[in-house]
Amino acid sequence: MTPSPTHGSCLCGAVRFTAALPVKWVAHCHCTYCRRAHGAPFVTWAGFPSAQFALDPDATQPTWYESSPGARRGFCPKCGSPMFFESTRWPGEMHVARALIQGELDKAPAAHVFYETHVSWLEVKDDLPKKVSQSNP
């Protein structure tokens, strides 16, 4: 069976991508880097094997920023949308901001990660596991 593709783009549509399902995981990240990069209390990410992810070669390519040693974040150079995350901590994975993916995925968010750094002004009332990391970004 051929994996089904999913598509997405930044706010202005300049950076476009395709990723083949199945997704490895989907989770809400509360780390300080994600919160600051997105200007949000947490970011929902979908993790894909890098081999299942492709940027549209005919579209604008993202700009990459090294947010910490061994980690980089991709964003649209035109509209500024934060889009992607890669890290040596999770080799062979491309993390894509879930809100940029059109349509449904084969997995729903399964956990809150780096929950020890969550903001105090947002009460999370779901029943998902709230995981604490080994190191605190």
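How much space lies in the largest pocket? In this predicted model, local features require pLDDT of at least 70 and side-chain atom pairs count only at pLDDT 80 or more, whereas totals for chains, interfaces and linings use all residues. Residues are numbered from 1 along each chain as its sequence is written, and side-chain values use heavy atoms, with hydrogens and water left out.

The largest pocket holds about 600 Å³ of space, a pocket being an open set of points on a 1 Å grid over the protein atoms alone, where a 1.4 Å probe fits, with protein on both sides within 12 Å along at least five of seven lines. Of the 32 residues that line this pocket, those closest to its centre are Cys29, Trp90, His95, Val113 and Phe114, lining residues being those with an atom within 4 Å of a point. The lining comprises 19 nonpolar, 8 polar and 5 charged residues. At least two lining residues each come from strands S3 (25-29), S6 (63-68), S7 (71-75), S8 (82-87) and S9 (93-97) and from helix H1 (32-38), where helices (H or I, at least four residues) and strands (E, at least two) are DSSP runs numbered from the N terminus. S3 gives the most, with 4 residues.

An open sheet of 3 strands has the order S1-S2-S5 with antiparallel pairing, two strands being paired if DSSP finds at least two bridges between them. Its edge strands, S1 (5-9) and S5 (53-55), each pair on one side only. Strand S2 (residues 16-20) runs antiparallel to S1 and is joined to S1 by 5 bridges, with serine 9 standing opposite arginine 16 in S2.

Notes:
Points joined across faces, edges and corners; volume = space filled by probe spheres on them. Nonpolar A, V, L, I, M, F, W, Y, C, P; charged D, E, K, R; others polar.
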